[in-house]
Amino acid sequence: AYVANYLDNTSQSQDYYFSNPLNHLFQAPFGSLIIFILFVLGMTVFILGIIRDKLLFSDKILFLINLVSIFCGLLFFTPLPFQRYYLPLLPWFSFLIITGLVWPFGGIFNKSVKSD
């Protein structure tokens, strides 16, 4: 649609962007699989932490309610499939990915902290 009006003006920048070999590092199937596995691991650790600690009324539940409400709102009420509408979800997904990345090292960090 209106993007075709700007193709000539942006072709040089587009060629430069796609010539970078690191451009598709985490967009290729292997990189996307790593990010997806970390996300699922982070979500699992997060939910199991809620169940284990029995925190039914905590900030973790508020976090999940917020994530689900934003996701459903964007999914069901945004008629356009543009990626920019999903940018508000990036902090939540990034938090869960980092949780999945740091979780295996949690035992190491907990052992280094000494309690009185």
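Helices α2 and α3 pack at an angle of about 140°, with their axes 10 Å apart. This is a predicted model. The chain has five helices and zero strands. Helix α2 also meets α4, where the axes come within 7 Å. Five aromatic pairs are present in the structure.

**Overall make-up**

- The elements run α-α-α-α-α from the N terminus on.
- The chain has 116 residues, and 19% of them are buried.
- Take the contacts between residues at least 6 apart in sequence: 51% of them join residues at least 24 apart.

**Helix α2 against α3**

- The angle between α2 and α3 is about 140°, and the two helices are therefore oblique to each other, since only angles over 145 degrees count as roughly antiparallel.
- The crossing of α2 past α3 is left-handed.
- On the α2 side, the contact is made by Met-43, Phe-46, Ile-47, Gly-49, Ile-50 and Asp-53.
- On the α3 side, Lys-60, Ile-61, Phe-63, Leu-64 and Leu-67 make the contact.
- Sorted by class, this contact of α2 with α3 has eight nonpolar, one polar and two charged residues.

**Helix α2 against α4**

- The axes of α2 and α4 cross at roughly 85°, so the two helices are roughly perpendicular to each other.
- From α2, the residues in this contact are Ile-35, Leu-38, Phe-39, Leu-41, Gly-42, Met-43, Val-45 and Phe-46.
- They meet Phe-93, Phe-95, Leu-96, Ile-97, Thr-99, Gly-100 and Leu-101 in α4.
- By class, the contact of α2 with α4 has twelve nonpolar, three polar and no charged residues.
- Met-43 and Phe-46 of α2 are among the residues that meet α4, and both also take part in the contact with α3.

**Thr-99 in α4**

- Thr-99 sits in helix α4.
- Thr-99 has a relative accessible area of 17% and is buried, because the cut-off for buried is under 20%.
- Beyond its neighbours within four places in sequence, Thr-99 is in contact with Gly-42 and Val-45.
- Gly-42 and Val-45 belong to the α2 side of the contact with α4.

**Aromatic pair Phe-39 and Phe-93**

- A pair of aromatic rings is described by the distance of the centres and the angle of the planes.
- One of the five aromatic pairs joins Phe-39 and Phe-93 edge-to-face, at 5.1 Å centre to centre and 80° between the planes.
- This pair links distant parts of the chain, 54 residues apart.
- Phe-39 is in helix α2 (residues 29-53), and Phe-93 is in helix α4 (residues 90-102).
- Phe-39 counts as buried at 18% relative accessibility.

**Aromatic pair Phe-46 and Phe-63**

- Phe-46 and Phe-63 form a tilted pair, 5.0 Å centre to centre with 55° between the planes.
- Phe-46 lies in α2 and Phe-63 in α3 (residues 59-77), so the pair ties together parts that are 17 residues apart in sequence.
- Both Phe-46 and Phe-63 are buried.
- Phe-46 and Phe-63 are also among the residues that make the contact of α2 with α3.

**Ring cluster**

- Ring pairs link Phe-46, Phe-63 and Phe-95 into a cluster.
- Phe-95 is one of the α4 residues that meet α2.

Conventions
Residues numbered from 1 in each chain as written. Predicted model: local features only at pLDDT ≥ 70, side-chain atom pairs only at ≥ 80, totals over all residues. Heavy atoms only, no water. Phe/Tyr/Trp six-rings, centres within 6.5 Å; stacked < 30°, edge-to-face > 60°. Helix = DSSP H or I, 4+ residues; strand = E, 2+ residues; numbered from the N terminus. Buried < 20%, exposed > 50% of the residue type's maximum accessible area, 1.4 Å probe, protein only. Axes fitted to C-alpha atoms, helices over the stretch in contact; angles between N-to-C directions. Parallel < 35°, antiparallel > 145°, perpendicular 65-115°, else oblique. Left-handed = near helix turned anticlockwise from the far one by under 90°. Contact = heavy atoms within 4.5 Å. Nonpolar A, V, L, I, M, F, W, Y, C, P; charged D, E, K, R; others polar.
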